[in-house]
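Subject: Structure for you to look at

Hello,

Here is the structure I said I would pass on. Please open it first; my notes on what was found in it follow below.

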Amino acid sequence: MNANKILKRASEEIKDGQVINLGIGLPTMLIEHLSEELDVFIHSENGILGSWKKASREQANPSLIDAGGAYVTNRIGSSFFDSAVSFAIIRRGKLDLSVLGAFEVDEQGNLANWKIPGRFSPGIGGAMELAQKTNNVVVLCSHNDKHGNPKILKNCKLPITASHCVTRIITDKAVMDVTNEGLVLREISEETTLEKLLSLTEANLIIPESIGYF
Amino acid sequence: MNKQQNLQQVISQIPSGASIMVSGFGSPGTPFTLIDELLNQGQKNLTLIKNDANESSVGIGKLIENGQVAKLITTHIGLNKTAIEMMNQNAIEVEFYPQGILAEKIRIAGSGCFGFLTDIGLDTEITDESQLIDWQGKKLKIESALNADYALIHANQSDMYGNLIYSATAINFSPLMAMAADNVIVETPDIVAAGRLKPESIHTPSVFVTSVVKLDILSTDYEIMERHFER
């Protein structure tokens with residue numbers, strides 16, 4: 001997977017004025033791609049509004065980590081709060097955008113990212129509340145798993161995190177939007193072809209007349 | 001009203017079989033010294049309630065590996081491989097909740113109420129029919145309040161009365177657990193003179209706190225983990 005390509009494209013989703021949660025893993029790495037000029041607040045489930053880039057050894061505060069456990073810095077104007085307040089922010093719909101990872105996403109915008117029965121079940125964490133209660137959920141993932149199987153499906157096979165929650169999917173191969181009509185292809189990677197992309201995708205893709213490249 | 005107590009004495013009051021809330025999200029806020037004393041004393045068959053399981057051989061990871069924990073009520077244990085293995089081998093029972101739902105179950109208990117209604121996880125496998133009710137035209141899920149016999153908490157500062165101030169992301173579950181447990185045992189590196197804490201800055205008012213233990217040495221588990229900076 002070309003993580004940098006995904007992150008570079010995903011950084012275009014971040015806009016001035018947004019309050020954003022970045023999920024553990026690939027989405028959290030997005031922070032390092034953001035400009036210091038951006039007027040945004042990053043929310044971290046463990047109780048920060050205004051979490052920012054990773055701390056250096058000299059900056060690190062043992063009491064200041066993000067939800068993924070990394071030592072972070074925090075921006076001017078940030079606040080710290082308890083876990084009930086942190087999830088009140090999420091459930092009250094105060095986040096403009098959540099960027100989350102995925103094992104599977106399907107045409108209906110259903111997301112599976114918390115459990116692979118028999119193989120991976122570390123718990124739910126903040127995933128369900130973020131997926132279900134953020135209006136704008138952008139998923140970042142590789143287009144296919146390491147065996148080449150499609151992750152963009154007609155219907156999720158794994159236990160879902162939340163239904164009808166994903167608005168946009170950004171992979172190393174494509175940018176797709178979940179719409180009432182189905183999954184619409186918006187952009188395609190310059191390193192692939194439409195034919196190749198369709199062969200790597202299980203979901204039906206609606207192909208508009210005009211498609212962007214990234 | 002001086003709540004300062006001796007570490008060994010205060011932990012010896014906890015019986016085997018107790019339910020214990022433990023503050024902390026990762027290391028920040030985890031009461032490492034209180035946990036180590038529980039390890040020394042060896043109480044068994046404990047039910048622990050904590051956001052996570054720390055990491056292998058760190059914090060409550062030590063209690064789990066030492067066979068002192070029968071059940072863990074938590075949200076995510078991905079950073080503790082040993083705990084995951086023990087769960088998969090049925091050596092420990094683990095009950096998972098969405099993170100904000102666990103926080104709210106504790107907050108509600110701490111507010112003297114018995115439960116709340118939510119729509120989180122309705123479409124998922126964590127919900128079964130028996131939990132659903134029709135409420136004002138909506139299908140919702142009942143979540144019950146979660147109390148405990150004890151809470152073990154790390155505070156950045158306390159006074160002799162047990163007024164508490166937490167630091168940065170070490171706040172996390174601490175103020176909620178302090179309200180929801182019958183006995184609240186606090187460790188802190190800094191007990192300040194009466195009157196030094198600004199009343200409007202206090203996170204947890206003293207009335208919720210049973211005992212305060214002064215830490216002469218801050219656990220090495222609180223030091224910066226160098227592996228985060230090794231590249």
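In which sense do β2(A) and strand β3 (residues 48-54) of chain A pair, and over how many bridges? They pair in the antiparallel sense, over three bridges. Before going further, note that this is a predicted model. The model scores ipTM 0.97 and pTM 0.97. Chain B has an average pLDDT of 96, and 100% of its residues score at least 70.

Strands in chain A

β2(A) covers residues 41-44. On the β3(A) side, Ser44(A) has Ile48(A) as its bridge partner. Three residues lie between the two strands of this hairpin, and Gly47(A) takes a positive phi there, near 120 degrees.

β2(A) also pairs with strand β1 (residues 19-22) of chain A. Those two strands run parallel and are joined by three bridges. One pair to look for is Asn21(A) with its bridge partner in β2(A), His43(A).

The side chains of a regular strand alternate between the two faces of the sheet. In β2(A), Phe41(A) and His43(A) point one way, while Ile42(A) and Ser44(A) point the other way. Are these four residues buried or exposed? All are buried, whichever way they point.

Helix α4 in chain B

Helix α4 of chain B spans residues 81-88, and its buried residues are Ala83(B), Ile84(B), Met86(B) and Met87(B). Why do they count as being on the same side of α4(B)? Because the arc they cover around the axis is only 165 degrees. What do these buried residues pack against? Their partners are α3 (60-65) and β4 (93-96), both of chain B. After the helix comes Asn90(B), which has a positive phi, near 60 degrees.

Contact between the chains

Chain A puts 35 residues into the contact and chain B puts in 37 residues. On the side of chain A that touches chain B, the elements giving two or more residues are α3 (83-91) and α4 (127-133) of chain A. The largest share of that side comes from α3(A), with five residues. By type, the residues on this side of chain A are 18 nonpolar, 12 polar and five charged.

If you want a place to begin, I would start with β2(A), which pairs with β3(A) and is joined to β1(A).

Regards

Methods. Residues are numbered from 1 along each chain as its sequence is written. Chains are lettered from A and ligands numbered from 1 in the order in which they are written. This is a predicted model: local features need pLDDT of at least 70, side-chain atom pairs count only at pLDDT 80 or more; totals for chains, interfaces and linings use all residues. A residue is buried if 20 or more other C-beta atoms lie within 10 Å of its own, exposed if 12 or fewer, and partly exposed in between; C-beta atoms are placed from the backbone. The arc is that of the directions from the helix axis to the C-beta atoms. Two residues are in contact if their C-beta atoms, placed from the backbone, lie within 7 Å. Two strands pair if DSSP finds at least two bridges between them. pLDDT is the predictor's confidence in each residue, from 0 to 100. Ala, Val, Leu, Ile, Met, Phe, Trp, Tyr, Cys and Pro count as nonpolar, Asp, Glu, Lys and Arg as charged, and the others, Gly among them, as polar.
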